[in-house]
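Dear colleague,

I am passing on the structure we spoke about, and my notes on it follow below. Please read them with the coordinates open beside you.

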Amino acid sequence: MADYKKLAADIIEAVGGEENITKAIHCITRLRFYLVDKDKADSEKLEAMDGVAGVVYNANLGQYQVVIGQAVADVYDEIVAQLGSRVVEGADDHTVIEENNVSKNPVARAFQVVVGTITGSMMPIIGLLAAGGMINGILNMFVKGNHIFELISPTDPTYIIISTLAMAPFYFLPVLVGYAAAKQLGSDPYVVAAVGGFMIHPALQGLVAAPNIIQNGEIVAGKAPVVMEFFGVTFNTSYFNIPVSLPNYAYTIFPIIVAAWLARPIGSWLKKHMPLALRSIFVPMITFFIVASLVLLLVGPVISIVSSALASVITGLINLNLTIAGAIIGGLYQVLVIFGLHWLVIPILTQQIVTTGESNINMIVSFTMLAQGAGALTVFLKTRQQSLKGLALPAAISAFCGVTEPAMYGINLKYMRVFIMSSIGAAAGAAVAGLLDLHMYGFSGSLIGFPNFAATTNPLTHAAGNPNNFIVFWIATAVCIVVSMTLVWFFGFKDSDTMGTGLEKKNVFKSAINK
């Protein structure tokens with residue numbers, strides 16, 4: 001392994017020396033410095049160093065960024081070793097927003113902030129999500145009933161253990177993202193992570209689960225509790241006698257990001273007004289209780305109401321015209337995923353599969369996964385930056401295995417046009433699928449789910465389907481991939497997108513060529 005001590009020392013000197021560095025953090029490829037005076041940094045000297053691929057000044061964040069690549073964590077560790085722990089504490093407190101570098105439109109500006117916060121919160125765990133998605137995809141290839149290798153039963157303990165292992169990062173997303181979001185937004189990461197744990201605690205979900213009832217000696221599911229109905233949403237429990245709609249927070253990210261945002265002003269106010277002797281216990285205790293309560297009382301019901309309305313729109317479109325529904329839902333579905341608003345749709349498509357043996361909603365959703373993978377794959381093929389290639393390929397594979405989060409949050413949303421062009425590709429593929437009457441007879445989608453399109457009759461009802469169903473699947477798949485990749489290649493991504501604005505890069509790929 002390379003010795004990065006000299007490179008770290010040279011970088012410290014080139015950015016203006018130890019006294020010019022307030023804080024330092026890093027992402028997947030870049031060192032991010034908060035400097036006292038950015039003009040003291042010598043960009044030309046930095047760009048001439050072996051091991052440095054470029055420099056960027058991000059005015060929106062007030063960060064002077066040094067592009068390293070895959071060795072960024074090693075270089076960062078050396079920088080911390082030479083400068084001390086002071087550079088890693090509270091870096092987010094030094095975030096600077098310059099008005100002339102953000103959108104003047106308040107809606108656009110709010111969207112920039114939201115997407116930036118989401119992607120920033122997801123970046124530290126993208127590799128973990130990609131690993132889980134790939135493990136789950138490979139495992140599903142060997143499951144009996146998928147018509148590929150059929151070596152293991154879904155009831156086998158080994159299958160259950162590996163599947164649980166693979167999906168654990170997704171189930172615990174509120175905890176992982178809560179910690180990362182709190183670090184980014186400047187709130188207490190441990191408090192926010194604890195709020196995430198509270199949100200997915202089994203006892204909380206047990207409050208709203210349908211109880212088992214014994215009838216004639218057999219256990220049957222009873223009715224879920226109902227406290228009140230509002231705008232078509234069932235408020236299924238209460239808190240201090242206040243009706244609450246409690247959704248399933250597992251696999252979600254947006255509610256915990258809201259919690260991280262709430263925790264900062266609450267925690268800061270308590271620190272200012274709490275006696276020093278009481279802070280260590282009472283600040284986290286009160287912050288934890290208030291934030292968790294606000295999520296329960298406000299965030300959950302709002303998400304449930306919005307999700308219910310969206311679910312009604314989706315089912316209405318499906319019943320109206322499958323081609324039009326494919327285009328609209330296919331183009332917009334992954335936007336719902338960003339905000340966690342898709343989770344009321346999941347039970348609907350699950351119910352379709354259980355009761356009818358197929359799901360046209362899930363068919364459309366499958367193409368949205370495929371398109372996001374195609375977008376990430378295009379970035380992998382087009383970029384000349386090895387660090388970005390190393391992130392994009394696993395993300396694409398994960399999306400083709402049915403898990404889009406690594407592609408969405410690691411690549412496509414970060415370079416927004418990639419996400420938009422991929423969504424257009426999803427709309428095209430889903431519209432063709434709807435037009436040609438494609439049927440989907442299972443849950444898993446994207447490329448890994450192709451066996452669910454192989455049947456020509458419904459395996460549950462034995463009703464006749466499309467005799468050309470499998471051919472239609474591959475036609476729609478080809479349309480989805482070709483449209484997505486073509487649009488991303490020509491309109492969605494270029495390497496200069498990764499360099500931001502501010503200091504201009506003279507030779508982005510110098511370091512990669514030297515290596």
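This is a predicted model: local features need pLDDT of at least 70, side-chain atom pairs count only at pLDDT 80 or more; totals for chains, interfaces and linings use all residues.

Within α10, the buried residues are P255, I256, I257, V258, A259, A260, L262, A263, I266, G267 and L270.

One of these, A260, has its backbone oxygen 3.0 Å from a polar atom of the S187 side chain. S187 itself sits in the loop that runs between α7 (173-185) and α8 (189-200), and since its relative accessible area is 8%, under the 20% limit, S187 counts as buried. Beyond its neighbours within four places in sequence, S187 is in contact with A182, V192, A260, A263 and R264.

**Helix packing and cores**

Helix α12 (residues 322-338) packs against helix α17 (residues 416-435) at an angle of about 145 degrees, the axes lying 7 Å apart, and the crossing is right-handed. From α12 the contact involves residues including G326, G330 and Q334, while α17 contributes, among them, F419, A426 and A430.

The largest nonpolar core has 96 residues, of which M122, M363, F367 and Y409 touch the most other members. Not counting residues up to four places away in sequence, F367 touches A426, G429, A430, A433, L438, A476, T477 and C480. There is also a second, separate core of 29 residues, including A8, I68, Y76 and L83.

With best regards

Definitions and conventions
Residues are numbered from 1 along each chain as its sequence is written. Side-chain values use heavy atoms; hydrogens and water are left out. A nonpolar core is a set of buried Ala, Val, Leu, Ile, Met, Phe, Trp, Tyr and Cys residues joined through side-chain atoms within 4.5 Å. Buried means under 20% relative accessible area, exposed over 50%, partly exposed in between (1.4 Å probe, protein chains only). Contact means heavy atoms within 4.5 Å. Helices (H or I, at least four residues) and strands (E, at least two) are DSSP runs, numbered from the N terminus. A polar contact is a pair of N or O atoms within 3.5 Å; within protein, one must be able to donate a hydrogen and the other to accept it, and residues adjacent in sequence count only if both atoms are side-chain atoms. Axes are lines fitted to C-alpha atoms, for helices over the stretch in contact, and angles run from 0 to 180 degrees between N-to-C directions. A crossing is left-handed if the near helix is turned anticlockwise from the far one by less than a right angle, and right-handed if clockwise.
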